[in-house]
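Welcome, and thanks for taking a look at this one with us. Below is a short briefing to read alongside the model, grouped by topic.

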Amino acid sequence: MNKKIIIVIIVLLATVSVSGCIKTPMDNINNIIPSLSQNIEIGDANYNEAVTYLNLHNYNLAEEKVQTSSNNFLEAKK
């Protein structure tokens, strides 16, 4: 009976020690959320600027802002 208790304790200790060393997909997601959010925010701001330039008939600056916005959204997608 004592051997069973010792084996159970060893297995539990091994499980706990190994589980602390394993990175889960959630850990990876938590690490990329800030850059993802930043890319989306910057892309949105550039898109809004592009619309403003478009309304002012400044098509060259509007096109630049659309390209920048697109790049930010593509970076977020990656």
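Which helix gives the largest share of the nonpolar patch? That is helix α2 (residues 25–55), with 3 residues. Before the details, please keep in mind that this is a predicted model, in which local features need pLDDT of at least 70, side-chain atom pairs count only at pLDDT 80 or more, and totals for chains, interfaces and linings use all residues. Residues are numbered from 1 along each chain as its sequence is written, and side-chain values use heavy atoms, leaving out hydrogens and water.

**Overall fold and confidence**

- The protein chain has 3 helices and 0 strands, in the order α-α-α along the sequence; helices (H or I, at least four residues) and strands (E, at least two) are DSSP runs numbered from the N terminus.
- Mean pLDDT for the protein chain is 84, with 83% of residues reaching 70 or more; pLDDT is the predictor's confidence in each residue, from 0 to 100.
- Among the elements, helix α1 (residues 2–19) has the lowest mean pLDDT, 75, while α3 has the highest, 92.
- Of the 78 residues in the chain, 10% are buried; here buried means under 20% relative accessible area, exposed means over 50%, and partly exposed is in between (1.4 Å probe, protein chains only).
- The chain's accessible surface is about 6600 Å², and 64% of that belongs to carbon and sulfur atoms; these areas come from the Shrake-Rupley method with a 1.4 Å probe, and for residues only the protein chains shown count as cover.

**The nonpolar patch**

- Ile 40 sits in helix α2 and is partly exposed, at 40% relative accessible area.

**Asn 72 and its neighbours**

- Asn 72 belongs to helix α3 (residues 59–77) and counts as buried, with 13% relative accessibility.
- Its side chain makes a polar contact of 3.3 Å with that of Asn 46; a polar contact is a pair of N or O atoms within 3.5 Å, where within protein one must be able to donate a hydrogen and the other to accept it, and residues adjacent in sequence count only if both atoms are side-chain atoms.
- Leaving aside residues up to four places away in sequence, Asn 72 touches Asn 39, Ile 42, Gly 43 and Asn 46, where contact means heavy atoms within 4.5 Å.

**Salt bridges**

- There are 2 salt bridges in the structure, each a side-chain nitrogen of Lys or Arg within 4 Å of a carboxyl oxygen of Asp or Glu.
- Lys 65 pairs with Glu 49, their closest N and O atoms being 2.9 Å apart. This pair links distant parts of the chain, with Lys 65 in helix α3 and Glu 49 in helix α2, 16 residues apart.
- Lys 65 is partly exposed at 22%, and Glu 49 is partly exposed at 31%.
- Glu 75 and Lys 78 also form a salt bridge, at 3.9 Å from N to O; Glu 75 is partly exposed at 42%, whereas Lys 78 is exposed at 80%.

**A backbone point to check**

- Most residues other than glycine have a negative phi.
- His 57 is not a glycine, yet has a positive phi of about 65°.
- His 57 lies in the loop between α2 and α3 and is exposed, with a relative accessible area of 57%.
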